[in-house]
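Hello,

Here is the structure I promised to pass on. Please open it first, then read my notes below.

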Amino acid sequence: MAPNVTPLGIAALALLIERPMHPYEMYQLLVQRAEDHIVKVRPGSLYHTIDRLQDAGLVQVVGTEREGNRPERTTYQITEVGRQALIERVADMLGTPAKEYPQFPLAIGEAHNLPHATVIELLRRRMVQLKADREFLTAGIADVQAKGLERKFWLDIPYLLALREAEISWLGALLDDFESGAVTW
């Protein structure tokens, strides 16, 4: 059984499959690849995650270097145990739906506690943000296609796009129901 590797731990291990890296380089790659849209990543939390992965024997230090006055940088590589843990954890996540607790279902379920006009305004604001996110994801697909990146490396982008499309559609129908009077306070 694989140790319970966090989503950020999975992202870090996956990067280390590519090559040994230091945590700041991992952080930069995660942001550059827009992985911060699917996993919560901050430099401090990444360093703590790497420490936990090292304590669990999933990564190991392969070198330490210093450039000029910059802080020392420790480079890590994935261990064979880490590679196996990554494989097992990803397989478990793919095959077993997780009970996740996003905030929006709770908020929409409790929206009746706000004034009707406020709910409509907030949902319209959400719609604008969702459409902007949809455009970002659509551009991301065009970008990876233009780079010729194999689809297996970016299956998450169309998935996220489908979720945005579904929410935009549902939210549009709900706003129509508000405007028609089908849903009132």
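**Notes on His-22**

Leaving out residues up to four places away in sequence, His-22 touches Arg-73, Thr-74 and Thr-75. Keep in mind that this is a predicted model.

Where does His-22 sit? Look in the loop between helix H1 (7–18) and helix H2 (23–32). One of its partners, Arg-73, also makes a polar contact with it: the two side chains are joined at 3.3 Å.

Is His-22 buried or exposed? Its relative accessibility is 10%. Buried means under 20%, so His-22 counts as buried.

**The whole chain**

Now step back. The chain has seven helices and two strands. Along the sequence they run α-α-α-β-β-α-α-α-α.

What is the radius of gyration of the chain? It is 21 Å, whereas a compact globule of 185 residues would have a value near 16 Å. The C-alpha atoms fill a box of roughly 65 × 40 × 35 Å along the principal axes.

Of the 185 residues, 30% count as buried. Take the contacts between residues at least 6 apart in sequence: 60% of these join residues at least 24 apart.

**Surface and charge**

The chain exposes about 12200 Å². Carbon and sulfur atoms supply 55% of that area. There are 20 positive and 25 negative side chains. The centres of these two sets lie 2 Å apart.

Best wishes

Note on methods
Residues numbered from 1 in each chain as written. Predicted model: local features only at pLDDT ≥ 70, side-chain atom pairs only at ≥ 80, totals over all residues. Heavy atoms only, no water. Helix = DSSP H or I, 4+ residues; strand = E, 2+ residues; numbered from the N terminus. Rg over C-alpha atoms; globule rule 2.2 N^0.38 Å. Buried < 20%, exposed > 50% of the residue type's maximum accessible area, 1.4 Å probe, protein only. Contact = heavy atoms within 4.5 Å. Areas by Shrake-Rupley, 256 points an atom, 1.4 Å probe, with all protein chains shown as cover. Lys, Arg positive; Asp, Glu negative; His and termini not counted. Charge placed at Lys NZ, Arg CZ, Asp CG, Glu CD. Polar contact = N/O pair within 3.5 Å; in protein donor to acceptor, adjacent residues only side chain to side chain.
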